[in-house]
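Me: Please take a close look at one part of this model, and then show how the rest can be described in the same terms.

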Amino acid sequence: MENKPDLEQESNSFPPEEQPERVQSSHTEHISDMYKGYFLDYASYVILERAIPAIEDGLKPVQRRILHAMNVIDDGRYNKVANIIGQTMQYHPHGDAAIGEALVNMGQKGVLVDCQGNWGDIRTGDSAAASRYIEARLSKFAQEMAFNPKTTAYQLSYDGRKKEPIALPMKFPLLLSQGTEGIAVGLSTKILPHNVGELLQGSIDILNGKKTQILPDFLTGGLMDCSQYQSAKRGGKLRVRAKIEIVEKKHLVVRQIPASTTTSSLIESIIKAAAKGKIKIKKVTDNTAQEVEIFIELPVGVSPEQTLDALYAFSDCEVSISPITCVIKGEKPIFTTVDELLEYSAFHTKDLLKQELTIEKAELEERWHFASLEKIFIEKKIYQKIENCETWEEVLTTIAAALKPHVKKFKRAVTEEDVAKLTEIKVKRISKFNKFQADDLLLKLEEQIAQCVHHLEHLNEYAIAYYQNLIKKYAHLFPRRTQIANFDNIEAASVALNNEKLYVNREEGFMGFGLKKDEFIEECSDLDEVIVFHQDGTYSISKIAEKVFIGKNPLYVGVWRKNDSRKVYNVVYANLDKGGTFVKRFAVLGVTRDKKYPIADGVEKAKILYFSANPNGEAETITVQLTQASTAKKKEFDYNFAEMEIKNRNTRGNELTKYPVRKIKQKSAGVSTLGALKIWLDEHSGKLNTSGYGRFIAEFEEEDRIVSFYKNASYELSNFDVTTNRFELKDILHLGKLSPKAAFSAIYYDPERKATYAKRFLIETTSLNQRFDFLPTPNCELLLLSAQAEPAISYQIKNGSKILNGEIRLHTFVEVMGWKALGNKISDSKLLKVTEILPATDDNTGENTEQSLF
């Protein structure tokens, strides 16, 4: 017998890279078939049986099996969770860990499961106690919403021993109420929880034909911006924030945390932000008990308003959530919206109610049918006719014949089963038969049948009434916790602290915060961007880092902020291609990072002859000197940048001269051409700002000044530069914008003259950052200072043993004098008490109203 070659042995005699082609091909095809079959089967199983909820009842299989098991063993008392897990394992094949986790998750949401014991805390992230220590039972809400064996379809469990529901007859949008999250193979879902009362009202609106819009509601509370929610459509986004209060101007207290965070994770994110220098905090303390309370202590001089914005920008005090509304419908996953889910639930509930009414009507008709048969059977004494019957068939035939004259009274035909049932009536019941009671029963059954028919004919109204009843019974148990709000976009760079310093090495062409031995430019944060101008007319913007190459010998290096329209660059440049010298004023509002831009569109070769960067749109005057060889008659002239409008950065600008330029120098500094600038004073840090933090002072033009009056009876003038000014508010009586004609009033006691005086005076000095004493001698004691136009005071004075009260209107008592004047005498002694009588305040003042601090 000839031995056939063994292909397997033959193939093994070759190295892997020299395997016969036919063997490699068969193996590849086999693996490919396995991948197509097994992997797709596994993926489908995970999607349908584990991770994604069904649209009919909003439950994943493990959740449905837990609820079914709890319903089976429900006797009104609490059951150990370990017992519930064991009961559920008869239906769920994936072990006790998955069941326990799912049950705790449902219990913490507080809708379907009534819990007892330590079930953990979603706010702190604390886990529940062991299953042997905690107990649960179905809530009354779940019993009413989720169970009705008459409308439930069943299937065999995984081992064929038990029956489990295919879907629970859920008459409520449970999926939207609880929310869910699941990750399958190549698919995921993330449906956010919503408010029970709003879902019920939304279902009523849908049945009434109205459009509805439902918004999430989280157990953790907090604030929520739904402007990009888009009904949880794919691509939608939700921003949630912690609810934070400012306490005593030096503490922040977190009262509610955003969804998807815990107190521990939130504190950790705050500490990390502080460690990176994004925010300044002194201490964070977690005082959470029954309510969330995270206490944040701030250092002296740190603004709580700015820190609040920084917390939202750099920590988990604000998080973004992207929902994915994916559910199983018809054995397939679909992507939808929450409004469509609510609409499906409303009409699905309506269909379940129809099934219940139909079943109830059929049951009532059956009761009416047999009650009618029983009444005729007893009333007509048909039972007497079967006394002489000898066989069962003869009994049935006799009864059926006796009932035949009455068949028209019945709603359906009399069956053999009906007749057999009549024979089971006990003699005791026959002997105690009451015709009137039988008629009353039939009448009540007819009324109930009529009511069912009416509900079926008006099913929509019946469903609405059903929802209204649920609102009355349960809506008050689920108040809205998350507050709906619109958030301003917080630019991280605008609230970042200046935790770095910008340096530049012009010779080598590097800038960054790591070049500490080189030229210092200004303070900045590690989130800032830097703009660099070069002599050849190009400029670019780069992210600040420890060390970045920007090109050798840069003309200008400075911090750049996006959309800063007040930072204006004044430039004179020569067009080396086409000739001529041009002047332009422009702001750089937004560009692509690390891309070189020319000084103007269409200008490939240029040379900057003059450059200035102006933080408030200042326009200086320059002197232009032409070359001696030029043919111009006037070889030197002045140009004022204020004559030119601020234009787009791409514009060429105006031609300054067609002749060659030898030199340009600044003749005089200019003032802003951008109009008034709104200035606020942060009452906690003492710093000025344009971001709206603190108390609004006024709108300032270039020549305007701030006047500060101090407790030591001196005043000081300063500009409104937000980068350099900082005021020690504890020493200040009044701070505000100086009006040239505004008079200030002072009440003071002069110990040398032993008298109290009143004076009104104008600010006549112009020097900045220099203090001037406005009382005659250093020994004088300032009793009151007023910035009111028509001030009035009330006072108390001692006259012998008596105390006298008086009032003075200072604008009529004393004229406006110089700041060094003595004023008019009020009394020959020191006033015991002096108080300013303030005019009535205007509640309708807007943000442009000038404010003073006293």
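Reply: Helix 11 and helix 15 cross in a left-handed sense; left-handed here means that the near helix is turned anticlockwise from the far one by less than a right angle, and right-handed means clockwise. The model is predicted, so local features need pLDDT of at least 70 and side-chain atom pairs 80 or more, while totals for chains, interfaces and linings use all residues. Residues are numbered from 1 along each chain as its sequence is written, and side-chain values use heavy atoms, without hydrogens or water.

Helix 11 covers residues 338-379, and helix 15 covers residues 435-457. Both are DSSP runs numbered from the N terminus (helices are H or I, at least four residues; strands are E, at least two). The axes of helix 11 and helix 15 come within 9 Å and cross at roughly 160° (axes are lines fitted to C-alpha atoms, for helices over the stretch in contact, and angles run from 0 to 180 degrees between N-to-C directions). Helix 11 and helix 15 are therefore roughly antiparallel to each other (under 35 degrees is roughly parallel, over 145 roughly antiparallel, 65 to 115 roughly perpendicular, the rest oblique). The residues of their contact divide into 12 nonpolar, four polar and 10 charged (Ala, Val, Leu, Ile, Met, Phe, Trp, Tyr, Cys and Pro are nonpolar, Asp, Glu, Lys and Arg charged, the others, with Gly, polar).

Helix 11 also takes part in the lining of a cavity. The count comes to one cavity of 30 Å³ or more (on a 1 Å grid over the protein atoms alone, a set of points where a 1.4 Å probe fits but cannot get out; lining residues have an atom within 4 Å of a point). The largest cavity has a volume of about 130 Å³. Its lining has 15 residues, and those closest to the centre are I55, P173, L175, L341 and S345. Two elements give two or more residues each to this lining: helix 7 (174-178) and helix 11. The largest share, four residues, comes from helix 11. By type, the lining has 10 nonpolar, three polar and two charged residues.

Helix 8 (residues 196-207) packs against helix 16 (residues 459-474) at about 165°, with the axes 9 Å apart. That angle makes helix 8 roughly antiparallel to helix 16, and the crossing of these two is left-handed. Helix 4 (residues 81-88) and helix 5 (residues 96-109) have axes 10 Å apart, at an angle of about 125°. Helix 4 is therefore oblique to helix 5, and their crossing is right-handed.

The strands come next. Strand 15 (residues 326-329) and strand 16 (residues 332-335) pair in the antiparallel sense over four bridges (strands pair if DSSP finds at least two bridges between them). K329 has K332, in strand 16, as its bridge partner. Two residues lie between the strands of this hairpin, and G330 takes a positive phi near 65°.

Elsewhere, three strands form an open sheet in the order 1-3-2, with antiparallel pairing. Strand 1 (79-80) and strand 2 (113-116) are the edge strands, each pairing on one side only. Strand 2 pairs with strand 3 (residues 135-138) over four bridges, and C115 stands opposite A136 in strand 3.

Another open sheet has four strands in the order 20-18-19-23, also with antiparallel pairing. Strand 20 (519-524) and strand 23 (548-549) stand at its edges with a single partner strand each, so one side of each has no neighbour in the sheet. Strand 18 (residues 500-505) pairs with strand 20 in the antiparallel sense over five bridges. Within that pairing, K501 stands opposite E523 in strand 20.

Key: On a 1 Å grid over the protein atoms alone, a cavity is a set of points where a 1.4 Å probe fits but cannot get out, and a pocket is an open set with protein on both sides within 12 Å along at least five of seven lines; lining residues have an atom within 4 Å of a point. Grid points are joined across faces, edges and corners, and a volume is the space filled by probe spheres set on the points.
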